[in-house]
Amino acid sequence: QVQLVESGGGLVQAGGSLRVSCVASGRTFSAYVMAWFRQAPGKEREFVAGIRWNTGRTYYADSVKGRFTISRDKAKNTVNLQMNSLKPEDTAVYYCAGSQRWSFTYADIVAGTDYDVWGQGTQVTVSS
């Protein structure tokens with residue numbers, strides 16, 4: 001069974017930086033797309049960033065574009081999210097998700113409904 005384990009969350013002041021990471025463990029997981037979502041209290045889960053594993057093509061929500069960077073390390077089966085210029089509204093639980101579907105479209109990446117595996121989440125809190 002494949003597991004995604006996030007790490008790196010924490011508390012940071014507005015304007016600061018954090019990096020969260022997600023490692024895939026278990027049986028071989030051939031991901032085509034990895035992504036980060038977040039959910040703030042009382043709000044729906046929302047797409048943050050995604051990356052196509054083979055090509056490295058990246059996608060970002062407008063709210064984080066220019067501040068967040070998603071990257072992957074194929075050798076370590078890890079996807080990272082570097083978050084800079086953090087704002088209080090970035091406070092949320094951040095979830096890693098993976099899909100093994102080569103046909104995943106941009107709409108699929110953003111929708112978040114058809115991923116094969118999810119991590120347990122890591123809390124990111126940005127104080128003002």
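Tutor: One term to begin with: buried means under 20% relative accessible area, exposed over 50%, and partly exposed in between, using a 1.4 Å probe and protein chains only. This is a predicted model, where local features need pLDDT of at least 70, side-chain atom pairs count only at pLDDT 80 or more, and totals for chains, interfaces and linings use all residues. Residues are numbered from 1 along each chain as its sequence is written, and side-chain values use heavy atoms, leaving out hydrogens and water.

Student: Okay, so is phenylalanine 37 buried or exposed?
Tutor: Phenylalanine 37 is buried, at a relative accessible area of 1%.

Student: And what lies over the face of its ring, the one in phenylalanine 37?
Tutor: That's arginine 45, 5.6 Å from the ring centre. For a charge to sit over a ring, NZ of Lys or CZ of Arg must be within 6 Å of the ring centre and within 35 degrees of the ring normal.

Student: New topic: is glutamate 6 buried or exposed?
Tutor: Glutamate 6 is buried too, with 6% relative accessible area.

Student: Which backbone nitrogen does its side chain, that of glutamate 6, reach at 2.9 Å?
Tutor: The one of glycine 121.

Student: How far is glutamate 6 from lysine 87?
Tutor: Their C-alpha atoms are separated by 21 Å, and the two are 81 residues apart along the chain.

Note on methods: A polar contact is a pair of N or O atoms within 3.5 Å; within protein, one must be able to donate a hydrogen and the other to accept it, and residues adjacent in sequence count only if both atoms are side-chain atoms.
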